[in-house]
Amino acid sequence: LDVSMDTWNFFYTCLVSLWLHRFYIYSAVAFGISIWIVIQFTTTKTKKKVTEHGEKYNGNPASSEGIEDKLVNGYATLQAKEVYVAGVKIFYGSQTGTAKRFAKGLAEAVISLNLPVEVISMGDYDPDDCLSEETTSRNICVFLVATYTDGQPTESAAWFCKWLEEAANDFRFGKTYLKGLRYAVFGLGNSVYVDHYNTVGRNIDRWLWMLSASRIMTRAEGDCNVAQSKHGSIEADFEAWRAKFLSRLQALCRGERKPCSGKCKKGKCKSPGKQSKESSDHEHGASEYENTEAEELFETSSEEEADAEEAGGTNSVIDVEDLGDIMSHMKKAKSGLDSRVGGGMYHPFPRLSRNPIRTRILAAQGGYKLIGSHSGVKLCRWTKSMLRGRGGCYKHTFYGIESHRCMEATPSLACANKCVFCWRHHTNPVGTEWRWKMDQPEMILQEAIENHQNMIKQFKGVSGAKADRFEEAMTAKHCALSLVGEPIMYPEINRFVKLLHQHNISSFLVTNAQFPDEIRNLEPVTQLYVSVDASTKESLKRIDRPLFKDFWQRFLDSLKALSEKQQRTVYRLTLVKAWNVDELKAYADLISLGKPDFIEVKGVTYCGESSASNLTMANVPWHEEVVHFVQELADLIPDYEIACEHEHSNCLLIAHKKFKINGEWCTWINYDRFQELVQEHERSGGSKTFTAADYAARTPLWALFGSRERGFDPLDVRYQRKNKARDISGC
């Protein structure tokens, strides 16, 4: 009890003492709070001074490279802000020097903002190597491009435009290849040439948009025609646009996310200024583009969105039997549609004045050169690759063709199958018989060679293009009849093949094994392919989706017809994971039926999204998986061995042992000897025959399976595209 009383007395005494001295306690607390307020005020003032000093040091009040401080142990430390604009790159394509002069003037204005700037001639720039770097560089890319004769780009900009067009239409690049690149376009043209007014500027704007690049402001167009120029001259047009560009650039430097015109609602940025009549026609009612990842709104026009939607609508399959219904529906289309799609090239497909099929093909497959009513030619990407010393296709590795001298063509765009992996997305018509007015083979070959040469000419002066190969490429030495469709459907295919040989052009013909009689009647070709996409009736129907009801019997008869050929024959197997990779024994049985000289086994090439197919990247086998399949298949066919490999195309070659002479593989072709043999055959009226062994040549060591090079020619330099995690390029 005494202890409890003592404790209570102690606490009571303390409380009384605090109460008696409460004035001193209040004063101490107030003093402490005052000290804290003074410290906070001093810290804030110091931060402002340091930031202002940093901006003054950089000399650019709009720059994002200002600095802020943090107090650490009483000292101010500097930390850089996020960089919104690292610099400006100005690309120009000029013929008379106007665009170049504008580029230099714009550069001087950008320098006044204390931003790094670089002026680049498109002719000295390699977009294949460098343009993708701008997706992460935080630079603003400005394109000042003139439209030259007949709506074509200037000579210095021709390769840049050609590459950009093909990238925008090539599934291998992907829709987001340039996502992150920020750009603005100013076109130079003359409205006197109404059909081609500022075509190049509009095309570049559209192609960049198709690759997911982001506009920072609406495309502007300068007009040399002073009577129609919005500001009285092309110089005044440029000055007006330059002022808007610099204002927009300063806003970006400050990190502003406000829409450019200030009239945006719900992410829709309405372009200020009056558009041309052509643009407004296409832009009416279309939605604007918004870069949601960067959370920054950009001006846009809808002309290219409408074009992209048209191109995107080409994925449905069109049967020849359905052409009547399609034609009646498409008669309502705008009469100028064909002039906007495919660079103005237009010819009637089945001799019709307005054909949706041709337009749809042109829209979906950039780079086609269509010939007459039913033929086409295109520059293969491997041709371009070998021109620049970056390696050839698998045919170069397996058979020794010179890829830069190979012409990819077809005399028949129509096909009898709707394969799920068709890399043309079924934009070509399908049918079971010939239903077109036939063009003569002489005309087809002449125009194919001319168009091929014109496409090659675009590589003159291109960065990396080898002069000697450019000269060689002007004379085609090989023709791959595998562009699209079924070449053997063409009624005059034998005359066409003979014409190729008369021009000393070797022939590589591909058929889908649905026309056995035509295979039997086919004159000798350098190498005859049959696509063996599946090994059972059920899987063939599921993968190739043939139109013939008796497709399986036709398939087997085609393989039997192939076994009767004396010249080189090839099975071409396309592996689709989860579709046809587990049918080894059935494949072995088909090989014994057709007895091909070679078997090419290749992983399927992913062709991008398509309403015509449900294939995804999950169906693309890795190269190691293809190798494993080939090894297991080779064990089941004792007369064959693995001969060659082209890793870059995800492809391997199995060859008959008769081509292994004295322990050395001879899968390559002696093309000069073949031309001699086929000419003797024709002069004899077909009585003098020859076999595949008569024009075989030794295969180099680098092309063999198991070599260190894995099928890549050591004379070239392999190029890996940046930001590409997995090679699905195919061939």
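Helix H3 spans residues 98-111 and helix H7 spans residues 234-253, and their axes, which are lines fitted to C-alpha atoms over the stretch in contact, come within 11 Å and cross at roughly 30°, on a scale from 0 to 180 degrees between N-to-C directions. The crossing of H3 and H7 is right-handed, a term used when the near helix is turned clockwise from the far one by less than a right angle.

## How to read the values

Residues are numbered from 1 along each chain as its sequence is written, and side-chain values use heavy atoms, with hydrogens and water left out. Because this is a predicted model, local features need pLDDT of at least 70 and side-chain atom pairs count only at pLDDT 80 or more, whereas totals for chains, interfaces and linings use all residues.

## The chain as a whole

The protein chain contains 23 helices and 24 strands, which are DSSP runs (H or I, at least four residues, for helices; E, at least two, for strands) numbered from the N terminus. Of its 731 residues, 54% are buried, where buried means under 20% relative accessible area, exposed means over 50%, and partly exposed lies in between, with a 1.4 Å probe and protein chains only. Among the contacts between residues at least 6 apart in sequence, 75% join residues at least 24 apart.

## The two sides of helix H19

In helix H19, residues 537-544, the buried residues are Ser-539, Leu-540, Ile-543 and Asp-544. They lie on the same side of H19 because they cover an arc of only 105° around the axis, taken from the directions from the helix axis to the C-beta atoms. An α-helix has 3.6 residues a turn, so residues three or four places apart point the same way.

The buried residues of H19 pack against helix H20, residues 551-563, while Glu-538 and Lys-541 are exposed on the face turned away from the buried side. After H19 comes Arg-545, with a positive phi near 45°.

## Two loop residues with positive phi

Asn-198, which is not a glycine, has a positive phi of about 50° and lies in the loop between strand E6 and helix H6. Ala-513, also a residue other than glycine, has a positive phi near 60°, and is found in the loop between strand E15 and helix H18. Asn-198 is buried at 0% relative accessibility, and Ala-513 is buried with a relative accessible area of 0%.

Conventions. Contact means heavy atoms within 4.5 Å.
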